[in-house]
Structures are given as structure tokens and as C-alpha cells.
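Reader: I am new to this structure and would like to learn how to read it step by step. Could you take me through it slowly, with the general idea before each case?

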Amino acid sequence: MFVWLAPFDLAETSETADVAFKGESPNDMAGYSISAADLDGDGRAEIVIGAPGDDTNGEDAGKVYVVPGGAGL
Ligand SMILES: [Ca+2]
Ligand SMILES: [Ca+2]
């Protein structure tokens, strides 16, 4: 999953992304789903990233990553 902060143009590539999130293995489909919610009630939203193809706990069992919210992202 790649994020480009504005301003950006069509010449942007994965190499110029401002934020990159790569799954742990090929074909884990990290970034297939993404959402944001304040899960710990501190007033800052966490980013929730789904990887439905992750095989850590069985073939395609999936995994969810939670990126803590903060001013630094
Ligand atoms: Ca939070
Ligand atoms: Ca898999």
C-alpha cells in the first residue's frame, strides 16, 4: 500500500511515495482493505490495514495490522 501526499502528479511511483506499507510475504494482499478508527480512545485515529491472503495462521487465514495514530504520520 502506498500513499502520496498532495501535491502529486502522474509521474509519482512507488519509489516516491510518502508512506509505504508492505505486507510480510508476497500475495498476502496487504492493503486490500483499509479503514481508520480511534480504537484506543485517545482522539487520534488508528489506521487498520487488512491482509486477507496472509498465511501466518493457516492458508489465507488473513491478518489485520493496526498502525497507531499520531501526528508523525
Ligand atoms: Ca487512537
Ligand atoms: Ca496466502
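**Reading contacts, strands and backbone**

Author: Let us begin with one residue and its contacts: when residues up to four places away in sequence are left out, Leu39 touches Glu46 and Val66. Please keep in mind throughout that this is a predicted model.

Reader: Which residues is Ala45 in contact with, once its neighbours within four places in sequence are left aside?

Author: Ala45, whose place is also in the loop between S3 and S4, is in contact with Ala36, Ala37, Asp38 and Gly69. Ala45 is partly exposed, with 16 other C-beta atoms within 10 Å.

Reader: In what order do the strands of the open sheet stand?

Author: The general idea is that strands of a sheet pair through backbone hydrogen bonds, and that they do so either parallel or antiparallel. Here three strands form an open sheet in the order S3-S4-S5, and the pairing is antiparallel. Strand S3, residues 33–37, and strand S5, residues 63–67, stand at the edges with a single partner strand each, which is why one side of each is left without a neighbour in the sheet. Neighbouring strands of this sheet are turned by 20° against each other on average, if direction is ignored.

Reader: How many bridges join S3 to S4, and which residue of S4 is the bridge partner of Ser35?

Author: Five bridges join S3 to S4, which run antiparallel; the bridge partner of Ser35 in S4 is Val48, while that of Ser33 is Gly50. On the side of S5, strand S4, residues 46–51, is joined by five bridges, and these two strands also run antiparallel. Gly50 stands opposite Val64 in S5, and Ile49 stands opposite Tyr65 in S5.

Reader: Is S3 largely in the open or buried?

Author: Of the five residues of S3, the number buried is zero, and therefore this strand lies largely in the open. For the protein chain as a whole, 5% of the 73 residues count as buried. Contacts can be read over the whole chain as well: among those between residues at least 6 apart in sequence, 23% join residues at least 24 apart.

Reader: What is phi of Asn27 near, and which peptide bond is cis?

Author: Asn27 has a phi near 65°, a positive value in a residue other than glycine, and Met29, which is not a glycine either, has a positive phi of about 60°. The place of Asn27 is in the loop between S2 and S3, and Met29 is found in that loop too. Asn27 is exposed, with 11 other C-beta atoms within 10 Å, whereas Met29, with 16 C-beta neighbours inside 10 Å, counts as partly exposed. The cis peptide bond runs from Ala6 to Pro7, with omega near 0°, and the place of Pro7 is in the loop between strand S1, residues 2–3, and strand S2, residues 19–20.

How values were computed. Residues numbered from 1 in each chain as written. Chains lettered and ligands numbered in written order. Predicted model: local features only at pLDDT ≥ 70, side-chain atom pairs only at ≥ 80, totals over all residues. Pairing = 2+ DSSP bridges. Helix = DSSP H or I, 4+ residues; strand = E, 2+ residues; numbered from the N terminus. Axes fitted to C-alpha atoms, helices over the stretch in contact; angles between N-to-C directions. Buried ≥ 20, exposed ≤ 12 C-beta atoms within 10 Å, placed from the backbone. Contact = placed C-beta atoms within 7 Å.
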